[in-house]
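Dear colleague,

Please find below the structure for your records. My notes on it follow directly after.

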Amino acid sequence: MYEGPVQDLIDELGKLPGIGPKSAQRIAFHLLSVEPPDIDRLQAALQKVRDGVQFCVVCGTVSDKEMCRICADPRRDATMICVVEEPKDVQAIERTREFRGRYHVLGGALDPLSGIGPDQLRIRELLKRIGNQDDGVDVTEVIIATDPNTEGEATATYLVRMLRDFPGLTVTRLASGLPMGGDLEFADELTLGRALSGRRKL
């Protein structure tokens, strides 16, 4: 235990995801050794996050305006919506440069044990977007891109049930399976099973 402000800083850093006690201590002592202007820049960045970041009124991702740049871009295909759990997932898909549609951020995944049900997620907003025709255009495909874990699968199953009654709407799920450059012998049974069931014609 350190005294005063140093221990307070370590405690606060330790509350961040992925930062353990040792990492928090290392970051705190790094901050003690940097020049004051570096601290000022970090402080200003944190202040901007607190005061300037908002969530897009359409898709729910982080934005510095009322509508994010993707939703405001008329070149994006409004007939396709990719449903993700968190704003960071939008950036992951954008980095592929393969998807030219719009997004919808749920704000998490169904997790009854943690008290997260459909009402805690942005599912109602998704249904409204599809029913009201996004930008006056019919949404023809919803791609469910939730994480391939228990909560993500439960969320995907729930969304499929909610969306199947919309006429003319195709609901798809991101394929899962073997990574590029991987060896079959090192793949676990679940991943290999998914790869087999999701095989496609060449």
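Predicted model: local features only at pLDDT ≥ 70, side-chain atom pairs only at ≥ 80, totals over all residues.

As background, residues three or four places apart in an α-helix point the same way, because each turn takes 3.6 residues.

Asp89 may interest you in particular. This residue of helix H5 has a relative accessibility of 13% and therefore counts as buried, the cut-off being under 20%. If neighbours within four places in sequence are left aside, Asp89 is in contact with Val84 and Asp147.

**Gly131**

Helix H6 covers residues 123–131 and includes Gly131. Is Gly131 buried, partly exposed or exposed? Its relative accessibility is 47%, so Gly131 counts as partly exposed. From Gly131 to Arg194 the C-alpha to C-alpha distance is 32 Å, and the two residues are 63 apart in sequence.

**The chain as a whole**

The protein chain contains eight helices and six strands. Along the sequence these elements are arranged as α-α-α-β-β-α-β-α-β-α-β-α-β-α.

With regard to overall dimensions, the radius of gyration of the protein chain is 21 Å, whereas a compact globule of 202 residues would have one near 17 Å. Along the principal axes, the C-alpha atoms fill a box of roughly 65 × 50 × 35 Å.

Buried residues make up 30% of the 202 in the protein chain. Considering contacts between residues at least 6 apart in sequence, 49% join residues that are at least 24 apart.

As for charge, the protein chain carries 32 negative and 26 positive side chains. The centres of these two sets are 5 Å apart.

With kind regards

How values were computed:
Residues numbered from 1 in each chain as written. Heavy atoms only, no water. Helix = DSSP H or I, 4+ residues; strand = E, 2+ residues; numbered from the N terminus. Rg over C-alpha atoms; globule rule 2.2 N^0.38 Å. Buried < 20%, exposed > 50% of the residue type's maximum accessible area, 1.4 Å probe, protein only. Contact = heavy atoms within 4.5 Å. Lys, Arg positive; Asp, Glu negative; His and termini not counted. Charge placed at Lys NZ, Arg CZ, Asp CG, Glu CD.
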